[in-house]
Amino acid sequence: MKNWRNHLGLLLPLLAVGALAIWPVITDNISNRESAFTILKAIALASSLNILLGYTGYVSFGHIVFYGFGGYVGLYFVNEQGWSIWAGMLVGGISSGVLAFLLGKAILRLRGAYFALATIGVNEAMKALVNNLDIFGGPIGMTLNFSVYKAYGGAAKALGMAFYIMAGLAFAALIISHIVRTSKFGLGLQAIRENEDAAEVMGVVAPDAKTWAYVLSAIVPGMVGVLFFFKNGNVEPHVAFPLHASIELLVMVMLGGQGTVLGPILGAFAYQGMRGYFVTSDFFKDIQLSVSGVLLLLIVLFIPAGAIGWLRQRFPALRRVLA
Amino acid sequence: MQQFNLLLTSLPDGILLGFVYGLAAMGLTLIWGVMNVINLSHGPIIALGMFGTFFIFTNMGVNPYIGLIPIAVFGLLLGVLIYFVAVHRVIDAPHLSSLLATFSVNMIIIGIGTAVFTTSPYNVDFNMGSFKLGSTTILGTRLIAALISILVTGALYLFLYRTRPGKFIRAVTNNRAAAELMGVPSTRILALSFGLGTMLAAISGALIATFFPFNILSGGGYELKSFVIGVLGGLGNPIGALVGGLILGVLEGMIPAFLNTSWVPVIEFGLFVVILLVRPNGLFGAKK
């Protein structure tokens, strides 16, 4: 490990995700496992989005399209073709990556708000398209054949296994995020974020770099989609492509700090924790959305760099650890 | 022949609805044009307009077309408030900030709306009769809504081109820094533009409520339509939005004659993405 100091930033993220993965095992509590599953899912998705949003500076409002599309394709092979969940996740991730590659070639030419609008359009078009595809069950969607779980020792075992796979995916997402951040490729992305034209002059091949960032940020969501629908047992168009979930991911990344490895993890924790609290509290139950909205507004207006970004600005000494 | 008949019956309806959609999109595109902000709280404000009609007509018994006036005033004031609370600080920040700021307003309105009105559907039981035009029946409410939309568009045009604040708005649209140097009070003009945008949204919502059932979440669908229309007509071009709305209305009237209705959004959003790619300034905008 030459230059081990460069990888100090990976320490806290690994610890955080590791703790989340072990917590339900120690407490041996199914309800804790479900909470941890939700947070790990949010971490995997938000960290992936961060590659495009935080490092490259492109605001994808419809990132959930990769989750839904990959999930649909993977579940189709698991359910209709009898593939294992591993093969299903692989094909889900690959198909999301390919979709991102093709889309990226087209829409990454757009900048700023035009790109954001295009991603919304892509998500809605895909939702409407899947709604019309009989092979994917149209508006009813697909329901997993219960016998699929048998290969994994019954439904209860399969759900337990899904938790560990999700933890693995969250690990994978943050390691990809860290590698991209510390690599020369990631440096190119950050140059694009700061000034795309200047980056091109400096020799960054912006169209290619952006496309690969888009692909990298799409693969893990595709796999998460397959796993989540496998665990859920069914998939429907409006569950697979919820626009508001895309925006929730943006909020998580903003909350924690865009462009950092730890930020999306912290954001996912904070957002899911806050939501869990508001939904169950008697006082906030009815207006939980408004309270979240007020908090989001305060963050956007006053700490746009997010928690980690703010800490990095205030305490430069911590920058090595809070990467 | 059967398809042709179907087309004849659904097309006039589509055209009339298109004008109302165009009015909603005009609010969105006005705000975008003046301050480069995509107002993600557009949908909930449309929904508030719908509830405005509901309360003024169902609870107070006032004719919904007279009710448009208080709804418009409310929309204008709400927009000015939103501008100063949420938008003013992030107007020069990167797009993500203004997108999330207006989205947080969206969450606040929907949250309060859900607590007050729940998400169950509402319906305004209002009827202006109907008449036959050839083989198709035209509802009076839709015809009047389309006429009011055209009227409001005309008024907006006159305001923008014939009055002093309107000219200020166009000056700020063109070049804010230069307008400020010429003594245009840009903050007030930006707030006014935002208010006008939300006012148009509220009016269109109030009109839609006279013929469609709605709930607090229904604004979202019209917001997405507004995006499509705005891009068709050219973002930042309020008058183009009316034409864009018309195109969308015609599409919605035509497609069901040839394909299943569920294909309508596929074509709409597909077209949306393609136009963004090929002609980001809209069908009538100048080519870069």
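**Figure 1. Burial and overall dimensions of chain B in the predicted model.** Of the 288 residues in chain B, 52% are buried (20 or more other C-beta atoms within 10 Å of the residue's own, with C-beta atoms placed from the backbone). The model is predicted: local features need pLDDT of at least 70, side-chain atom pairs count only at pLDDT 80 or more, and totals for chains, interfaces and linings use all residues. Residues are numbered from 1 along each chain as its sequence is written, and chains are lettered from A in the order in which they are written. The C-alpha trace of chain B spans about 60 × 50 × 35 Å along its principal axes. Its radius of gyration is 19 Å, which agrees with the value near 19 Å for a compact globule of 288 residues (taken over C-alpha atoms; the rule is 2.2 Å times the number of residues to the power 0.38).

**Figure 2. Elements of chain B.** Chain B holds 11 helices and two strands (DSSP runs numbered from the N terminus: H or I of at least four residues for helices, E of at least two for strands). From the N terminus on, their order is α-α-α-α-β-β-α-α-α-α-α-α-α.

**Figure 3. The side of chain B that touches chain A.** Here 35 residues of chain B are in contact with 36 residues of chain A (C-beta atoms, placed from the backbone, within 7 Å). The elements of chain B that give two or more residues to this side are α4 (95-117), α9 (219-233) and α11 (264-278). The most come from α4(B), with 16 residues.

**Figure 4. Helix α9 of chain A.** This helix covers residues 206-232, 27 residues in total, and reaches 39 Å from its first C-alpha to its last, close to the expected 39 Å (1.5 Å times one less than the number of residues). Because 22 of its 27 residues are buried, α9(A) is largely enclosed by the rest of the structure. G233(A) follows α9(A) and has a positive phi, near 90°.

**Figure 5. The largest nonpolar core.** This core has 204 residues (buried Ala, Val, Leu, Ile, Met, Phe, Trp, Tyr and Cys residues joined through C-beta atoms within 7 Å). Helix α9(A) gives the most to this core, with 16 residues. Among the residues with the most contacts inside the core are L40(A), I43(A) and V20(B). Not counting residues up to four places away in sequence, I43(A) touches V17(A), A170(A), A173(A), P264(A), I265(A) and A268(A).

How values were computed: Buried ≥ 20, exposed ≤ 12 C-beta atoms within 10 Å, placed from the backbone. Contact = placed C-beta atoms within 7 Å.
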